[in-house]
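Here is a short report on salt bridges. Look at the sequence and the model first, then read on.

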Amino acid sequence: MKILRKLLFPFSILYGLIVLLRNKLYDWQLKKSVSFKIPVICVGNLSVGGTGKSPMIEYLLRLLKDEKQLATLSRGYKRESKGFYLLNGNENGSYVGDEPLQFKTKFPEVQVAVDEQRVRGIENLLKLQQKPEVVLLDDAYQHRKVKPSHSILLTTFDNLYAKDLILPAGNLREPKSGAKRADLIVVTKCKPTISAEEMLKIKQQLNPLPSQKVFFSAIKYSEVAYNLQQNSKPLQDFKNFTLVTGIAKPQPFVEHLKQLGLEFKHLDFPDHYNFKNDDLQKINKAELILTTEKDFMRLKNQLPAEKLFYLPIEVKILNEVETFEKTIKRWI
């Protein structure tokens, strides 16, 4: 792998220069960025997938839903539909995208929309009879056509952008200098027991601007799984089940289950995978199935409800929670 990365490094330099030039054109206002009168908060990353953007969006929704009329806007990665679409919650996950459907299912009072053109998406949201007062942009850090009022940059504990390389030699979508656009940096998927010394070391590696605050977060797993009818089943009651994942980085979930002493068969699929009939037949052979909340959005209408369960997760801020939440509320 190291040899391959070295061979690809010249292509990374070329790609990085192209992306850097693109960013400079926006910074110099030679390419147009559209700003809006309402707060637009962007949640994104510098790397490809798996940094915990969806759980962070949900954290913000829980934090702000009683303060303002909220909307989320995603592109709806790998969805079958095109253009602007406002969800009602009854759609198929493959039609609108699994993450937007997850947001609408958990927060029915929030306006959830998808549009591959974010400017058009926000403009259409503002044309609604009940206009949103705040828009949360999901995975739009590189979408420079919208100038967000604030940006939250995510990076994972085990793969900091400061240690990574640009595609294709590494996983970065743009040079590390892009981190300067962020208002807050959140190191995600930390171990809950991370020490103050480890936090300080990571902050030094990230080398944030004086104006940038760095926070640390962990994934909090539910102790109970749920099915379509919201029937609950404690994790400890799962015996010889099949785990189905179609997410970018399933390993933390797998390790969590193993630490609980659970035995299972793991069927691992690519991120945002649209399950085919052969896949469903293979999965359906299991007597009991556990999956992620995101995958559940694509599987819930295709497998027997009584044996398909999902495990909810939440983000837990590990340092200066009050400061983090006050900062977000001040933005709106």
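At 45% relative accessibility, E67 counts as partly exposed (buried is under 20% relative accessible area, exposed is over 50%, and partly exposed lies in between, with a 1.4 Å probe and protein chains only). E67 and K329 form a salt bridge, 3.5 Å from N to O. The term means a side-chain nitrogen of Lys or Arg within 4 Å of a carboxyl oxygen of Asp or Glu.

This is a predicted model, where local features need pLDDT of at least 70, side-chain atom pairs count only at pLDDT 80 or more, and totals for chains, interfaces and linings use all residues. Residues are numbered from 1 along each chain as its sequence is written, and side-chain values use heavy atoms, leaving out hydrogens and water.

The count comes to 17 salt bridges. Among them are these:

| Pair | N to O distance |
|---|---|
| D27 and R144 | 2.8 Å |
| E67 and K329 | 3.5 Å |
| K294 and E99 | 3.4 Å |

K294 lies in helix 9 (residues 293-299) and E99 in helix 4 (residues 98-106), so this pair ties together parts 195 residues apart in sequence. Helices (H or I, at least four residues) and strands (E, at least two) are DSSP runs, numbered from the N terminus. K294 is buried, at 11%. E99 is buried at 15%. Elsewhere, salt bridges that share partners join R79, D115, E116 and R120 into one network.

Now take the D27 and R144 pair. D27 is partly exposed, with a relative accessible area of 43%. R144 is buried, at 10%.
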